[in-house]
Every structure is written in structure tokens, then in C-alpha cells.
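Thanks for coming, everyone. Let me put the structure up, and then we will walk through it.

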Amino acid sequence: HYSFFEGKPVWPEGRRDLTYAFYTENELTDTVKEVFTRAFQRWAEVTPLTFTQTDSYYTADLKIGFFVGDHGDGEAFDGVLGTLAHAFSPTSGRFHLDGDENWVVSGDITTSSISSAIDLESVAVHEIGHLLGLGHSSVEESIMYPTISSRTRKVELASDDILGIQELY
Ligand code: TQI
Ligand code: ZN
Ligand code: ZN
């Protein structure tokens, strides 16, 4: 079953059209950016929320960046595996990914020759759930279940994820 953060924080009524931006210094390719676009789309399909990319990192509601090790928010990344990414509850909007992971952006993760390969889109869908106010779920099939194996792709919202997000929006 789905859960929420303490105090059930959400993006308020007047903020349903959210913008997102990529940390400029990462210089991400369009292929990488499209992974996030697809991940946002999954949540937009089942809520009144919309997500629009902007070039202005400082004014965007949701800020996405890859960082390595200690990056100044007290939650240092730890190299390959362990913590993969973190996102903060509404209305922080901070979404950080561990730059040391072997991220798989396109292609078939399930047949990757790299044992520690992590599917970027799967992690993005999960972290966006946190950005919007979902905690973890006890339902193993759900996107918000707190465990994912390497070489696994899980990008389709389960009914548990949808029920959870629709209770918030
Ligand atoms: N990062 C944790 C996560 O996103 C960070 C975290 C732990 C957290 N407890 C939290 C975030 C409570 C918000 C609220 O869950 S992680 C997975 C999963 C991670 C884990 O790197 O361990 C995914 C990142 F669920 F699959 F294990 C992405 Cl998909
Ligand atoms: Zn961080
Ligand atoms: Zn999580």
C-alpha cells in the first residue's frame, strides 16, 4: 500500500503546471533529457499536473542534476550502487542522481553486460513520485516499492501508485 511523507505535503492547488530544468553543468544529451520527459509523462497521464521543461535552472520548480559524492546537501552519494538517487518532498523540487552509477539510458537493460547497470527511466519514475509527495509502498509491483534490482526495468505505474497519487491530486 502507498504512503505519503509526514504531514502529507503536496504541490498546492495554484501550482499544477510545474516546470523542470537540468543542472546546466551536466550538459546532458537530448537522449538523456527525453528519458525524464517520458518519466514525467507517466505521472501527468493520471493527474491534473503538467510538466514543462525550461532552460532556467534557478526558477524551475523541479531541478534535476547528476552529482558525485558530497554535493553540498548533507546527503553524499556513495559511488557505484548503494544510493542511486534522491528526491525531496514537496515543494523542495530537488532531484539528484548519483553520477557514479552505470546508468542505462537506451537499449535493453535486461541484457546489459554490466552487472551494476541501472535503468535511468525506472529510477526517474520512482523519484518523481517522491517529488510529488509519495513515500514508499509495500506493494512489490509498484513503482514506489523501496527496492529495485540492477538490470531491471520498471516504468509502468501500478494501480497502487495511481491510487496514491490520485489521493494527492
Ligand atoms: N534512494 C532512496 C529512494 O529514493 C532515498 C530514500 C530513502 C528516500 N528513503 C526515502 C527518498 C524516503 C524519499 C523518501 O528511495 S535510492 C530505488 C528503489 C533509490 C531506490 O537510491 O535507494 C529507486 C532510488 F526504490 F528502487 F529501490 C531509486 Cl527506484
Ligand atoms: Zn543531493
Ligand atoms: Zn524511494
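Start with Val35. Its place is in helix α1. Keep in mind that this is a predicted model. Is Val35 buried or exposed? Its relative accessible area is 0%, so Val35 is buried. The cut-off for buried is under 20%.

What does Val35 touch, once we set aside its neighbours within four places in sequence? Val35 is in contact with Val105, Leu120 and Glu121. Now look across to Val125. Val35 and Val125 are 90 residues apart along the chain. Their C-alpha atoms are separated by 9.6 Å.

Hold on to Glu121, one of the contacts of Val35. Glu121 is also buried, because its relative accessibility is 3%. Which side chains pair with Glu121? Arg38 is one of them, in a salt bridge at 3.1 Å, N to O. Arg38 lies in helix α1 and Glu121 in helix α2, so this pair ties together parts that are 83 residues apart in sequence. Arg38 itself is partly exposed, with a relative accessible area of 38%.

Arg42 meets Glu121 too. That salt bridge is 3.6 Å, N to O. Again the link runs from helix α1, with Arg42, to helix α2, with Glu121. These two residues are 79 apart. Arg42 counts as partly exposed, at 22% relative accessibility.

Now put those pairs together. Salt bridges with shared partners join Arg38, Arg42, Asp119, Glu121 and Arg153 into one network. As background, side chains of opposite charge can pair when their charged atoms come close.

How many salt bridges does a search of the whole structure find? It finds 7. Here is another one of interest. The side chains of Lys8 and Glu167 meet at 3.3 Å, N to O. Lys8 lies in the segment before β1, and Glu167 lies in helix α3, so the pair ties together parts that are 159 residues apart in sequence. Lys8 is partly exposed, at 39% relative accessibility. Glu167 is partly exposed as well, at 42%.

That brings us to helix α3. Which residues of α3 are buried? They are Asp160, Asp161, Gly164, Ile165 and Leu168. Why do we say they sit on the same side of α3? Because they cover an arc of only 125° around the axis. An α-helix has 3.6 residues a turn, so residues three or four places apart point the same way. What do the buried residues of α3 pack against? They pack against α1 and α2. The face turned away from that buried side carries the exposed residues Ser159 and Leu163.

Next, the metal. Ligand 3 is a zinc ion. Which protein residues are its donors? They are His126, His130 and His136, each through NE2. They lie 2.0 to 2.1 Å from the zinc ion. Along the chain, the donors follow the spacing H-x3-H-x5-H. His126 is in helix α2, while His136 is in the loop between α2 and α3, 10 residues away.

What is the arrangement around the zinc ion? It is tetrahedral, because the 4 donor atoms subtend angles of 94 to 128°. For that label, all angles must lie between 85 and 135 degrees. Compare the accessibility of two of the donors. His126 counts as buried, at 13% relative accessibility. His136 is partly exposed, at 38%.

Last topic: the backbone. Where is the cis peptide bond? Go from Pro90 to Thr91, where omega is near 0°. Thr91 is found in the loop between β4 and β5.

Two residues have a positive phi to point out. Take Glu27, where phi is about 45° although Glu27 is not a glycine. Glu27 lies in the loop between β1 and α1. Glu27 is exposed, with a relative accessible area of 69%. Then there is Leu81, with phi near 60°. Leu81 is not a glycine either. Leu81 is found in the loop between β3 and β4. Leu81 is partly exposed, with a relative accessible area of 33%.

Glu121 in helix α2 pairs with Arg38 from helix α1. The buried residues of α3 pack against α1 and α2. And His126, His130 and His136 are the protein donors of the zinc ion. Thank you.

Key. Residues numbered from 1 in each chain as written. Chains lettered and ligands numbered in written order. Predicted model: local features only at pLDDT ≥ 70, side-chain atom pairs only at ≥ 80, totals over all residues. Heavy atoms only, no water. Donors = N, O, S within 2.8 Å, 3.2 Å for Na, K, Ca; no water. Tetrahedral: all angles 85-135°; square planar, octahedral: opposite > 155°, others 65-115°. Helix = DSSP H or I, 4+ residues; strand = E, 2+ residues; numbered from the N terminus. Buried < 20%, exposed > 50% of the residue type's maximum accessible area, 1.4 Å probe, protein only. Contact = heavy atoms within 4.5 Å. Arc of directions from axis to C-beta. Salt bridge = Lys/Arg side-chain N within 4 Å of Asp/Glu carboxyl O.
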